[in-house]
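Here is a short briefing for a first look at this protein. Keep the sequence and the 3D view open while you read.

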Amino acid sequence: MSVRPPAAPARNTTEVPTIPLGSPLLLLGRGADPATERGVVCPGDLPARDDPTLAARAEAAKATLGDRVMVLGHHYQRDQVIAFADARGDSFELSRQAAAAAAPFIVFCGVHFMAESASILGRPDQTVILPDLAAGCSMADMAEGHQVVDAWARLERAGIADVTVPLTYMNSTAAIKAFCGEHHGAICTSSNAPTAMRWAFEEALDGADPEATKVLFLPDQHLGRNTAVLALGLDLDDCVVYDPWRPDGGLTDEELRAARVILWKGHCSVHARFQPEMVTAARDRLPGVEVLVHPECRHEVVLEADRVGSTGQIIRWVDQAPAGARLAIATELNLVKRLGDEHPDKEVVFLDDTVCFCATMNRIDLPHLVWVLEALVAGEVVNEVRVDDDTRHGARIALERMLALPGDGASLRREPAVAAT
Ligand code: SF4
């Protein structure tokens, strides 16, 4: 445990474009076959999950590595992983922290697109490690680079590509971020989506008439629809859904030309589970409850909620709620459980009765964290995520356009005070 890593450790690198998409996952990455299993590269033995020394091993490895490693923990990670995080946050906050960090090794406890974003924003001498390369994102996987290229060709055939701005949610692959950068577009987060969509209509295309401009919103149809309707005041009829699995996206030329916002048919498998009936049931069960939902939830759910906001906004609302407040939350369960534990004076409940974690976030566990940390101690980099230079260049353009936007952190709806019960 006392061996310092050499200056240039051996690398077990997986470059983004080499990862096959649409292939099955493998439990815990054991016995991986990277040719057929999506993103799984896990050579060597993982520590056993029931090893009682795992926490001590993680601590010892971190202590040995000192300031040469920074462990980042996304809000949706398990408590056992968050316990070792030097910083917690949402995907964008963590990528910025990684870029600002002096540490040459970033262990990103999150999902694949987040590690890519850290690689895009990070310094060339930094190494980003994802403890389990099979920790993907179902939403990001719903838009593949070649499908977006095909969709753009469809818009060209309909004669609207030159008045369309592609805008992608942070939860997308590096290839799609690069596509947006190369086509006058940008990236957005769940907190700045209203600002980014306004920019796309009003400023992205020099001298263009905002009324004639369209937005292609990738890959989350729900965030795109909620933003267009609730923040920009567009009608539901102004939005159409492009289905990459149907001929011509399932839309006629006339439908595409009439639309203001073309929503990609993608969603988060965790947030799309919430239904409006769950809001009604929570209100019946918990009189006075305040319902807080993430904008990745369906439009019908958002309409029923008291507040809609990003992960960071939900955390702030819970922090600020008075003692005794009842809060039902529609976002990832690890975070909701942690908020409940951290606020014992408030009643914090998950909106759904059925337990549902983000399965891919949950792939990062203590055995994987110990495995990558001990490998670093032994002088080996495993599970590196590195975005190739061309993709990185285009994606950085899109990210820099987003960073140039004024930060408003605006909620999609008016924020009433949280009532105590
Ligand atoms: S919660 Fe949804 S958007 Fe976030 S990583 Fe999981 S599947 Fe992807």
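**Strand β2 and its neighbours**

Five bridges join strand β2 to strand β4 (residues 105–109), and the two run parallel. The model is predicted. The protein has 15 helices and 15 strands. Of its 421 residues, 52% count as buried.

**Around β2**

- In β4, Ile106 is the residue that stands opposite Met70.
- On strand β3 (residues 87–89), three bridges connect to β2, again in parallel.
- Gly73 has Arg88 of β3 as its bridge partner.
- β2 covers residues 69–74, and six of its six residues are buried.
- Val69, Val71 and Gly73 point one way from β2. Met70, Leu72 and His74 point the other way.
- In a regular strand, side chains alternate between the two faces of the sheet.
- Residues on both sides of β2 are buried.

**A four-stranded open sheet**

- Four strands form an open sheet in the order β12-β11-β13-β14, with parallel pairing.
- Its edge strands are β12 (307–308) and β14 (347–350), and each of them pairs on one side only.
- Strand β13 (residues 326–330) pairs with β14 in the parallel sense, over four bridges.
- Ala328 stands opposite Val349, a residue of β14.

**Helices α6 and α15**

- Helix α6 (residues 174–182) packs against helix α15 (residues 389–403) at an angle of about 65°. Their axes are 7 Å apart.
- The crossing of α6 past α15 is left-handed.
- From α6, the contact is made by Ala174, Ala175, Lys177, Ala178, Phe179, Cys180, Gly181 and Glu182.
- From α15, the contact residues are Thr391, Gly394, Ala395, Arg396, Ile397, Ala398 and Leu399.
- By type, the residues of this contact divide into nine nonpolar, three polar and three charged.

**The ligand shell**

- Which residues are closest to the ligand? They are Cys137, Met139, Cys268, Val270 and Cys358, out of 13 residues that surround the ligand.
- The shell around the ligand is made up of eight nonpolar residues, four polar and one charged.

**Contacts across the sequence**

- Take the contacts in the protein with a separation of 6 or more: residues 24 or more positions apart account for 69% of them.

Notes
Residues are numbered from 1 along each chain as its sequence is written. This is a predicted model: local features need pLDDT of at least 70, side-chain atom pairs count only at pLDDT 80 or more; totals for chains, interfaces and linings use all residues. A residue is buried if 20 or more other C-beta atoms lie within 10 Å of its own, exposed if 12 or fewer, and partly exposed in between; C-beta atoms are placed from the backbone. Two strands pair if DSSP finds at least two bridges between them. A residue is near a molecule or strand if its C-beta atom, placed from the backbone, lies within 6 Å of it. Ala, Val, Leu, Ile, Met, Phe, Trp, Tyr, Cys and Pro count as nonpolar, Asp, Glu, Lys and Arg as charged, and the others, Gly among them, as polar. Two residues are in contact if their C-beta atoms, placed from the backbone, lie within 7 Å. Axes are lines fitted to C-alpha atoms, for helices over the stretch in contact, and angles run from 0 to 180 degrees between N-to-C directions. A crossing is left-handed if the near helix is turned anticlockwise from the far one by less than a right angle, and right-handed if clockwise.
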